[in-house]
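User: Could you walk me through a few local features of this model? I'd like to see how each answer is reached.

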Amino acid sequence: MGAVSPALESVMGTTTTYAPPPVWFGEALGDAERLLKYSSEIGVDVDPDIRDHILEARSAASAWDEKTAATLLSALAKLAARLKPVTALSLEARVEDVRAAVRTYWIVAVCLALIIFPISVASFVGTAISNSMRTEIATANDLAVKLRTQLGAPEGSGAVSAASGAPAGTSAIDSANEVTELQQFAISVRAIDARARQLNVLAFHAEHDPFAPIRRDQKKLHDTFQLPAGLPNLSRAAGDLTAVYQDVRYFGQSLLEDISFYYGAITVCLLPALYALLGTCAYLLRTFELQTASRTFIPSGADSARFLIAAIGGAVVGLFNNFTIGQGASIPPLAIAFLVGYAVDVFFAFLEGLLSTFAKKAPQTVSGQ
C-alpha cells in the first residue's frame with residue numbers, strides 16, 4: 001500500500017507523527033515535568049488537563065506529533081504562570097551553584113571589609129587627632145603672643161622679684177595670672193607634641209621628629225617640655241618654651257598637611273568606591289538568601305557587572321560633601337556610597353530623573369533662527 005498524501009490524511013482526521021522529537025520538545029517536556037513535580041511538593045493544585053497533557057507528552061515522546069507539542073506548550077505556559085515567580089530554570093539550578101555563588105561573594109565581602117576597616121579607622125582617628133591639634137595650636141598661639149606681650153623678651157626682663165620671679169613692679173595677681181597662662185602654654189605644647197607623634201604613626205613616619213634624639217632620655221625630655229621648678233624667671237621660661245613650641249608646631253603642621261593630603265584623597269576617591277562595592281556584596285548576599293528560600297535563584301553573569309556600576313556610582317558620590325536629608329540632618333558620603341552599592345538601580349533612576357528635569361528646563365531651539 002502506498003504512502004498517504006497529507007491532504008488525504010487531513011481529510012481522514014489523522015495527524016502526522018515524527019521521530020525522534022526535536023531538542024526543544026525534550027527541553028519543554030523536562031521544564032513542564034520539573035514544574036509539575038514542584039507544584040506537588042508545595043501543595044499547589046494543578047488543573048487535571050494540564051497534568052494529563054504533560055504526562056501524555058512523556059508517553060508520546062518517542063513518536064510526537066503537532067497536537068502533542070501544542071498541548072504540551074499550552075500546559076507549560078499555564079503551569080509557569082501558576083507558579084510564577086518560580087521558573088523551571090530556577091528549579092534546575094543546583095544547590096552547588098548557589099553555594100558557589102554565595103561563597104564567592106562572601107570572600108569578596110570579607111576582603112573588602114579587611115581593606116575598608118583599617119583605612120576607615122585610620123581616617124577617622126586621623127581626622128579626630130587633626131581637629132584636636134588645630135584647636136591646641138590656636139590656643140598655644142594665643143598664649144605665646146599674650147605671654148610675650150606681658151613678659152617681654154628674656155633679655156629685657158629687667159629685675160626679678162625674689163618672691164615670684166616676675167619683673168619689678170608687677171603685682172602678685174598679675175604674676176599669678178602669668179604663671180597660670182605659662183602652665184597652660186606648657187600643657188598645650190605637650191598635647192601638640194603627643195598628637196603629632198600619633199599622626200606620624202598614621203603617616204608611616206613621613207616627617208622627622210625633631211625631638212627623636214631625646215625621646216629615650218627621660219631627664220632631657222622632662223627639662224625640654226616641663227617648666228623649671230619654682231619658675232625663677234618667668235620671661236626666660238616663656239622664651240625657652242616658645243622655642244620648643246616653634247619646633248613642635250612645625251612638626252605638627254607638617255603632619256597635618258600630610259594627613260590632609262593622603263587621607264583626604266583616600267576618603268574622597270577610594271573609600272566611597274570600596275563602600276559601594278561592599279554595599280553590592282550585601283545586596284547580592286541578601287538577594288541570594290531570599291531567592292534560595294523561594295526557589296527563584298537563577299545563575300546570572302549580570303551580577304559581576306553590578307560591581308562595576310557600583311564602583312562608578314561610589315566614585316561619583318565621593319565628589320560630594322554631606323547630603324542633607326531635611327531639618328538639618330545629613331548623611332556622610334561613605335554611608336551614601338554604601339546605599340548606592342546596595343541599591344544601584346535606585347541611584348541610576350535618580351540620575352535619569354535628574355537629567356529629565358534638566359532636559360525639560362533646557363530652552364527649546366526654534367528652527368530657522
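User: Where does Arg295 lie?

Analyst: Happy to start there, keeping in mind that this is a predicted model. Phi of Arg295 is near 60 degrees, a positive value in a residue other than glycine. Most residues other than glycine have a negative phi. As for its place, Arg295 sits in the loop between helix H9 (234–294) and helix H10 (302–317).

User: Is Arg295 buried, partly exposed or exposed?

Analyst: Its relative accessible area is 34%. Buried would need a value under 20% and exposed one over 50%, so Arg295 is partly exposed.

User: Is the peptide bond from Lys84 to Pro85 cis or trans?

Analyst: Good one to check, as most peptide bonds are trans. Pro85 is found in the loop between H4 and helix H5 (88–92). The bond leading from Lys84 into Pro85 has omega near 15 degrees, and it is cis.

User: How are H3 and H4 oriented to each other?

Analyst: The axes of helix H3 (residues 48–59) and helix H4 (residues 66–83) come within 9 Å and cross at roughly 135 degrees. That angle falls between the perpendicular range, 65 to 115, and the antiparallel one, over 145, so H3 is oblique to H4.

User: How many nonpolar residues does the contact of H3 with H4 have?

Analyst: Let's list who takes part. H3 brings Ile50, His53, Ile54 and Ala57, while H4 brings Thr68, Thr71, Leu72, Ala75, Lys78 and Leu79. Sorted by class, three are polar, one is charged and the nonpolar residues number six.

User: What is the handedness of the crossing of H2 and H3?

Analyst: Helix H2 (residues 23–42) and H3 have axes that come within 10 Å and cross at roughly 135 degrees. In this contact Phe25, Leu29, Ala32, Glu33 and Leu36 of H2 meet Arg51, Ile54, Ala57 and Arg58 of H3. The crossing is left-handed.

User: Which kind of aromatic pair do Phe261 and Tyr262 form?

Analyst: A search of the whole structure finds eight aromatic pairs. For Phe261 and Tyr262, the ring centres are 5.0 Å apart and the planes stand at 80 degrees. Planes over 60 degrees apart fall in one class, so this pair is edge-to-face.

Note on methods: Residues are numbered from 1 along each chain as its sequence is written. This is a predicted model: local features need pLDDT of at least 70, side-chain atom pairs count only at pLDDT 80 or more; totals for chains, interfaces and linings use all residues. Side-chain values use heavy atoms; hydrogens and water are left out. Axes are lines fitted to C-alpha atoms, for helices over the stretch in contact, and angles run from 0 to 180 degrees between N-to-C directions. Helices (H or I, at least four residues) and strands (E, at least two) are DSSP runs, numbered from the N terminus. Angles under 35 degrees count as roughly parallel, over 145 as roughly antiparallel, 65 to 115 as roughly perpendicular and the rest as oblique. Contact means heavy atoms within 4.5 Å. Ala, Val, Leu, Ile, Met, Phe, Trp, Tyr, Cys and Pro count as nonpolar, Asp, Glu, Lys and Arg as charged, and the others, Gly among them, as polar. Rings of Phe, Tyr and Trp (its six-membered ring) pair if their centres lie within 6.5 Å; planes under 30 degrees apart count as stacked, over 60 as edge-to-face and the rest as tilted. A crossing is left-handed if the near helix is turned anticlockwise from the far one by less than a right angle, and right-handed if clockwise. Buried means under 20% relative accessible area, exposed over 50%, partly exposed in between (1.4 Å probe, protein chains only).
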